[in-house]
Amino acid sequence: MTTVSRLDAAQLIACSEELADLLSDTVDGGASIGFLAPLDRAAAVAWWEERAAAVAAGQLAVWVARSAGRVLGTVGLAFPDKPNSRHRAELVKLMVHRDGRGQGLGRTLLATAEQAAAAAGVTLLHLDTETDSPAESLYRSAGWTRVGAIPDYAATPRGTLHPTTIFYKRTGAGVLSA
């Protein structure tokens, strides 16, 4: 059975080793998520631990999917700090371990983040993902709208520049108040 839970800062630090394993597996699998291969384990752990301050400050929300006690996936929402942008958030670092793919974990994590965003009053989500990647297919099938692609936006883990596709999704209608 798979469970999805939101992490507080202490929980994020407590499972930073497992999250580092997930990050390394994702990079080793070729996903363009901001890191080059080979990814140093200590750097992967440190990267996750550095996110704890943003989680504690409410600038970042992180969920993990566990199965049989093992972290198999994660997703995050990054919240802007500007008054005119508090209605939106960026979906970040949706990752599923290669051992957990094909089980609907990506879709479950995506739905969890979307529902949490709506519950928090976020009415617009956005993300970027490698063009023509499996993730792009997931977002399309989940009702996200493609904005366009930026050529040579990011390097793959092997260092090859690749285009990135920008998506958005509305989670509800809203008007900001002062």
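Start with the aromatic pairs: this predicted model holds four of them.

**Stop 1: Phe-35 and Trp-47.** Select both side chains. The ring centres are 5.4 Å apart and the planes meet at 85°, so this pair is edge-to-face. Now colour by secondary structure. Phe-35 sits in the loop between H2 and helix H3 (41-50), while Trp-47 belongs to helix H3, so the pair links parts twelve residues apart in sequence. Are these two residues buried or exposed? Both Phe-35 and Trp-47 are buried.

**Stop 2: Tyr-139 and Phe-167.** Move to this second selection. Here the aromatic pair is tilted, with 6.0 Å from centre to centre and 50° between the planes. Tyr-139 is in helix H6 (residues 134-141) and Phe-167 is in strand S7 (residues 161-170), so this pair ties together parts 28 residues apart in sequence. Tyr-139 counts as buried, at 5% relative accessibility. Phe-167 is buried too, with a relative accessible area of 0%.

**Stop 3: back to Trp-47.** Phe-35, Trp-47 and Trp-48 make up one aromatic cluster. Then show Arg-51. What does its charged end sit over? The charged end of Arg-51 lies over the ring of Trp-47, 4.2 Å from the ring centre.

**Stop 4: Ser-16.** Finish in helix H2 (residues 16-28), where Ser-16 is found. Ser-16 has 2% relative accessibility, so this residue counts as buried. Show what surrounds Ser-16. Leaving out residues up to four places away in sequence, Ser-16 touches Val-45, Trp-48 and Glu-49. Trp-48 is also part of the aromatic cluster with Phe-35 and Trp-47.

How values were computed:
Residues numbered from 1 in each chain as written. Predicted model: local features only at pLDDT ≥ 70, side-chain atom pairs only at ≥ 80, totals over all residues. Heavy atoms only, no water. Helix = DSSP H or I, 4+ residues; strand = E, 2+ residues; numbered from the N terminus. Buried < 20%, exposed > 50% of the residue type's maximum accessible area, 1.4 Å probe, protein only. Contact = heavy atoms within 4.5 Å. Phe/Tyr/Trp six-rings, centres within 6.5 Å; stacked < 30°, edge-to-face > 60°. Lys NZ or Arg CZ within 6 Å of the ring centre and 35° of its normal.
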